[in-house]
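Subject: Structure handover

Hello,

Here is the structure we spoke about. My notes on its pocket and its aromatic rings follow below.

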Amino acid sequence: MKKKTQSDASMMGGNPKKRKLASDPANSPADPAEPYPDHLGPTADACRAVRDDLISLHGFPKEFLKYRRTNDRSQPSDATTEEEETVLDGLICTLLSQNTTDSNSRRAFASLKSVFPTWNDVLAAEAKEVEDAIRCGGLVATKALRIKGLLRGILERKGEMCLEYLRRLPVHEVKAELSQFKGIGPKTVACVLMFQLQRDDFPVDTHVFRIAKSIGWISSGADREKAYHHLNKRIPDDLKFDLNCLLATHGKLCQSCAAKGRDRKNPPHESCPLTRYCCHSE
């Protein structure tokens, strides 16, 4: 594998000691939203380069096309079209995606909607009936309880089975609202923000987390929560959606970047476009 050139290293953020923090006022040490003020990567140029490399390799993933920005996100609305997922649909889709494959979670959601036409029907059903409907998605007992608990909580708080009001709220209020429900963690909230609410957010799933570490965008000791705050601070808003979708897709498809497809002590294979950015042990 070729060694990173000096231009590659500087593009990816480089050695923090060789760059001046003052060059980026948004990352002042006094900024409480920046967990790693001395870790200056990724730069905007690095984000754009990785986005372009992955677009060239994969194209834009078709399954995410319907969520791509098509209008002005600065004007939130409660309106949904027949083709558009509701916020609640998206939230439950994300819950079902935990600890399973995309295909299995999609099948589980389709099965759930087929058996129970409305979310009120799901709430009224026995837990065992919900488990049977989502069985192909795995962890059925836990997921069924969380879904029913979520639906019960929404109905008790809002008086109707609807989360469309979240479209009008600022990001911090959306996070506060959704975090009230058991089983709704930061990654799930971030996914709803980015996909259903079309906000500029950057969820950190296992693929994004692993690749971000390997290419030096976060420190090797970073945890998922701090990685989320760091990457959301550093990645330009206009690149977040495409870059997130592409990194998640690449992590699933690239054998050298996949969790089970590489030895963490070795760099990715030369055919991977992220090879030149990779930080690895000598």
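A pocket here is an open set of grid points with protein on both sides within 12 Å along at least five of seven lines. Please keep in mind that the model is predicted.

The pocket first. The largest pocket holds about 1200 Å³ of space. Its lining has 37 residues. T94, S97, D102, K187 and C191 lie nearest the centre. Six helices are listed as giving two or more residues each: α3, α4, α9, α10, α11 and α12. Helix α9 (186-194) gives the most, with five residues. By class, the lining has 13 nonpolar, 14 polar and 10 charged residues.

Now the rings. There are five aromatic pairs. F60 and F241 have ring centres 6.1 Å apart and planes at 25 degrees. Planes under 30 degrees apart count as stacked, so this pair is stacked. F60 is in the loop between α2 and α3, while F241 is in helix α12.

F109 and W119 form a tilted pair, 6.1 Å centre to centre, with 50 degrees between the planes. F109 lies in helix α4 and W119 in helix α5. F109 is buried at 14% relative accessible area, and W119 is buried at 7%.

Two charges sit over rings. The charged end of R68 is over F60, 3.9 Å from the ring centre. The charged end of K158 is over Y165, 4.3 Å from the ring centre.

Best wishes

How values were computed
Residues numbered from 1 in each chain as written. Predicted model: local features only at pLDDT ≥ 70, side-chain atom pairs only at ≥ 80, totals over all residues. Heavy atoms only, no water. 1 Å grid on protein atoms, 1.4 Å probe; cavity = no way out; pocket = protein on both sides within 12 Å on 5 of 7 lines; lining within 4 Å. Points joined across faces, edges and corners; volume = space filled by probe spheres on them. Helix = DSSP H or I, 4+ residues; strand = E, 2+ residues; numbered from the N terminus. Nonpolar A, V, L, I, M, F, W, Y, C, P; charged D, E, K, R; others polar. Phe/Tyr/Trp six-rings, centres within 6.5 Å; stacked < 30°, edge-to-face > 60°. Buried < 20%, exposed > 50% of the residue type's maximum accessible area, 1.4 Å probe, protein only. Lys NZ or Arg CZ within 6 Å of the ring centre and 35° of its normal.
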